[in-house]
Amino acid sequence: MLTAINRVHLKNGPWVTKGGYEYNVVLIAALLTLVEVGPGKPSLDSALGVERSGPDWAALSLVLGAAGAAGAHVLASLEPADEPTSRAPSAGVEAPEPAPAAT
């Protein structure tokens, strides 16, 4: 979600009604809340005794997510941008006829 915020939504401002990053921040907050409170008793993690939760794990999740987003941003900036493709047919090539509408 940090990558989506950075690459798509940041320029639109915070509000989702204008294509902003508000919803992405809500998803990040929900994930960090779930990491902090843990999966609970009915989870497989609890049954196996490998449950990891608490503020330290939430902070670690946030740091690792930010590092992953930074890495994705660096890798994306190294790739050349794709050329926009045209939907128009090439010169001398006829476009296929549309299929008849189902009734």
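## Pocket and helix packing

Helix H4 supplies the largest share of the lining of the largest pocket, namely five residues. The model is a predicted one, and the pocket holds about 160 Å³ of space. Its lining consists of Met1, Leu2, Thr3, Ile28, Leu31, Leu32, Ser61, Leu62, Gly65, Ala66 and Ala69. Besides H4 (55–78), the elements that give two or more residues to this lining are H1 and H2. By class, eight of the lining residues are nonpolar and three are polar, with no charged residues.

Two packed helices are described by the angle between their axes and the distance between the axes.

| Helix pair | Angle between axes | Axis distance |
|---|---|---|
| H1 and H2 | roughly 170° | within 9 Å |
| H1 and H4 | about 40° | 8 Å |

On the H1 side, the contact involves Leu2, Ala4, Ile5 and His9, which meet Asn24, Val25 and Ile28 of H2. The residues of this contact comprise five nonpolar and two polar ones, and no charged ones.

For the other pair, the axes of H1 and H4 are 8 Å apart, at an angle of about 40°. This angle makes H1 and H4 oblique to each other. From H1, the residues in contact are Leu2, Thr3, Asn6 and Arg7; from H4, they are Gly65, Ala66, Ala69, Ala72, His73 and Ala76. By class, the contact of H1 with H4 has five nonpolar, four polar and one charged residues.

Leu2 of H1 meets H2, takes part in the contact with H4 and lines the largest pocket. Thr3 is in the contact of H1 with H4 and also in the pocket lining. Ile28 of H2 is in the contact with H1 and in the pocket lining. On H4, Gly65, Ala66 and Ala69 are in the contact with H1 and line the pocket as well.

As for confidence, the protein has a mean pLDDT of 83, and 79% of its residues reach 70 or more.

Technical notes
Residues are numbered from 1 along each chain as its sequence is written. This is a predicted model: local features need pLDDT of at least 70, side-chain atom pairs count only at pLDDT 80 or more; totals for chains, interfaces and linings use all residues. Side-chain values use heavy atoms; hydrogens and water are left out. Axes are lines fitted to C-alpha atoms, for helices over the stretch in contact, and angles run from 0 to 180 degrees between N-to-C directions. Helices (H or I, at least four residues) and strands (E, at least two) are DSSP runs, numbered from the N terminus. Contact means heavy atoms within 4.5 Å. Ala, Val, Leu, Ile, Met, Phe, Trp, Tyr, Cys and Pro count as nonpolar, Asp, Glu, Lys and Arg as charged, and the others, Gly among them, as polar. On a 1 Å grid over the protein atoms alone, a cavity is a set of points where a 1.4 Å probe fits but cannot get out, and a pocket is an open set with protein on both sides within 12 Å along at least five of seven lines; lining residues have an atom within 4 Å of a point. Grid points are joined across faces, edges and corners, and a volume is the space filled by probe spheres set on the points. pLDDT is the predictor's confidence in each residue, from 0 to 100. Angles under 35 degrees count as roughly parallel, over 145 as roughly antiparallel, 65 to 115 as roughly perpendicular and the rest as oblique.
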